[in-house]
Amino acid sequence: MDHSMKYKKFILPIIVGGIIALLAPFRPESLNIQAWFMFAIFVATIIGCITQPMTIGAVSILGFTLTVLVGVVDIKTAVQGFGNSSIWLIAMAFFISRGFVKTGLGRRIALQFVKLFGKKTLGLAYSLVGVDLILAPATPSNTARAGGIMFPIIRSLSTSFGSTPKEGTERKMGAFLIFTEFHGNLITAAMFLTAMAGNPLAQDLAAKTAHIHLTWTDWFIAALIPGLISLIVVPFIIYKIYPPTVKETPNAKKWAEHELSEMGHISKAEAFMMAIFAIALLLWVTGSFIGIDATLTAFIALSLLLLTGVLNWKDILNETGAWNTLVWFSVLVMMADQLNQLGFIPWLSKTIAHSLHGFSWPIVLVILVIFYFYSHYLFASSTAHVSAMYAALLGVAIAAGAPPLFSALMLGFFGNLMASTTHYSSGPAPILYSAGYITQKRWWLMNIVLGLVYLVIWLGIGSLWMKLIGFISF
C-alpha cells in the first residue's frame, strides 16, 4: 500500500470541481456542457496539483481518466496530447542534461564559471542571466534555451558546490540559481521578437487581425528599458526573498582551478558532448531559417549522443524526471487546449470585452493586461495562450481607442511575462521546477510577488518609455 497517499487532500479539489460541475444548468447559454465539465475537471486537477494528495503525475492521470470517462474528450483526442512537440522538447532537454552530467562536461563548464565569476553567488546568477540574454535573440525556443543550454550548467554548478535536493542542501545555491534563471529566461523571451515561439505568432496575429506591422527593431527598442530594469531588479529581489545560504565564495577561484586540474584534459566523451551540443545550438539558432524544428533538433542531439556512446538506453530510461514531466505536462496541455477548442476561453475573452464597454482606453488596456496575465493559471503553454487570446484582447484594446502599436507590443510582452505564475506555465517551468530544488508552494508564492513587480515595471516604466520614444500619443 502506498503510504505517501494523503486522502484528505482530495477533499478540496473534489468539492470545488463538484460545485462547478453541479452549476452546469446555470452556465452561460453560449457554452455547451462539454466546455463546462472540462472547466470543472481542469480546475479540480490544478487544485489537486496544489494540494498533492498524490504526486503531480498521478493526479494528472486521474484528471485525464475522468476527462475521457465523462465524455468531455474521446480517448483518441486525449492521447494526442502526449504527442505535443513542445513537451517532447522538454523531455529531450532532460536527456541532453544527463549527457552533461555523465561526461563531466557540465561540471567542467560550471567550474569555469566559478573561476571567472564565483566570488559572490549573486554575481554568478547575473552572469548566467547574461548568457541567456546573449543567446535569446538567436534562440527562438526559450524551452531549448533554458532546458538544453542553461539548466545543465546550473545543475552541474550547484552539484559542484554540494547543493542538491537529495542531500537536502538545495538552498545552498541551486534553488536560487534555478529560480533566477527561470525569471531571467522569461524576461529575455519578452525582450526579443525571435526569443520565444509565441512572439512571431503575436506578430502574425497583429498583422492579420489589426493590420499592425510589428518589426524586430520596434519590439526590441520598446522592450529594452523595461527588460534591462527587470534583469537587474528581479535577480536582486529573488536574492533578498529567497537567499542562498552560500552568499560568498572567496576561495572559489582557487578551488575551481584545483578541481579543473584534478579533472585533467577533456575526455573523448566530453569532446563528443561539446560537439553535439554545438550542433544542437547551431540548429536551434538557424532552425527557423532552414526549416528544422527545435524539437527535431533535440531528437538529433539525443540520437548523436546514443550513436557516439555518450549515453546508452539505460541512461534514458533512468531519467525519471523527464518521463514524469512528459506525463503530467502533456495532460495539462491537453486540458488547456480543450478549454480553448470547446469554446470556454473564447467565451471568457468576449465576456471581458463586453464588460469593459465605456471605459477609457488606458483603464481598458491595464485591465486587459492584468486579465491576460492572471488567466495564465488556466494555461500550460504561453504559445497556446497567445493563440487563444492575443487577437481578441488586441481587438478590444483598439476598439477602446488604445494606440494600436503600443497595445500590440504590450500584449506581446505579457505573452511571455505571464509565465511567471505557475510551475506548468511554459516549457522552461516544468524543466526547472522538476529538478526538485524549489517546492511548489514556494514557487507559486514567490511568483505572486514577482508578478506584481513585472506589472509595475512593464506597464508603468514600460509605458513611460514607449511614450518617450513615440509609440504612444495622447
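This is a predicted model: local features need pLDDT of at least 70, side-chain atom pairs count only at pLDDT 80 or more; totals for chains, interfaces and linings use all residues.

Q: What does F117 count as: buried, exposed or partly exposed?

A: F117 counts as partly exposed, because its relative accessibility is 40%, which lies between the cut-offs of under 20% for buried and over 50% for exposed.

Q: And which residues is F117 in contact with, leaving aside neighbours within four places in sequence?

A: Those are G123, L124 and S127.

Q: New topic: at what angle do α7 and α9 pack?

A: Helix α7 (residues 121–135) and helix α9 (residues 174–191) pack at about 35 degrees, and their axes are 9 Å apart. Their crossing is right-handed.

Q: Which residues make that contact?

A: On the α7 side they include L124, A125 and L128, and on the α9 side they include F176, L177 and T180. The contact residues of α7 with α9 comprise nine nonpolar, five polar and two charged.

Q: Okay, now α19. How many residues does α19 have?

A: Helix α19 has 18 residues, 382–399, and spans 25 Å from first C-alpha to last, close to the expected 26 Å.

Q: Where is the kink in α19 centred?

A: On M389, and the kink is about 45 degrees. M389 is also one of the buried residues of α19, as are H385 and L393.

Q: What covers the buried residues of α19?

A: The cover includes α10, α16, α17, α18 and α20.

Q: Last one: which residue with positive phi follows α19?

A: That's G401, with phi near 100 degrees.

Conventions. Residues are numbered from 1 along each chain as its sequence is written. Side-chain values use heavy atoms; hydrogens and water are left out. Helices (H or I, at least four residues) and strands (E, at least two) are DSSP runs, numbered from the N terminus. The expected span of a helix is 1.5 Å times one less than its number of residues. The bend at a residue is the angle between axes fitted to the seven residues ending there and the seven starting there. Buried means under 20% relative accessible area, exposed over 50%, partly exposed in between (1.4 Å probe, protein chains only). Contact means heavy atoms within 4.5 Å. Axes are lines fitted to C-alpha atoms, for helices over the stretch in contact, and angles run from 0 to 180 degrees between N-to-C directions. A crossing is left-handed if the near helix is turned anticlockwise from the far one by less than a right angle, and right-handed if clockwise. Ala, Val, Leu, Ile, Met, Phe, Trp, Tyr, Cys and Pro count as nonpolar, Asp, Glu, Lys and Arg as charged, and the others, Gly among them, as polar.
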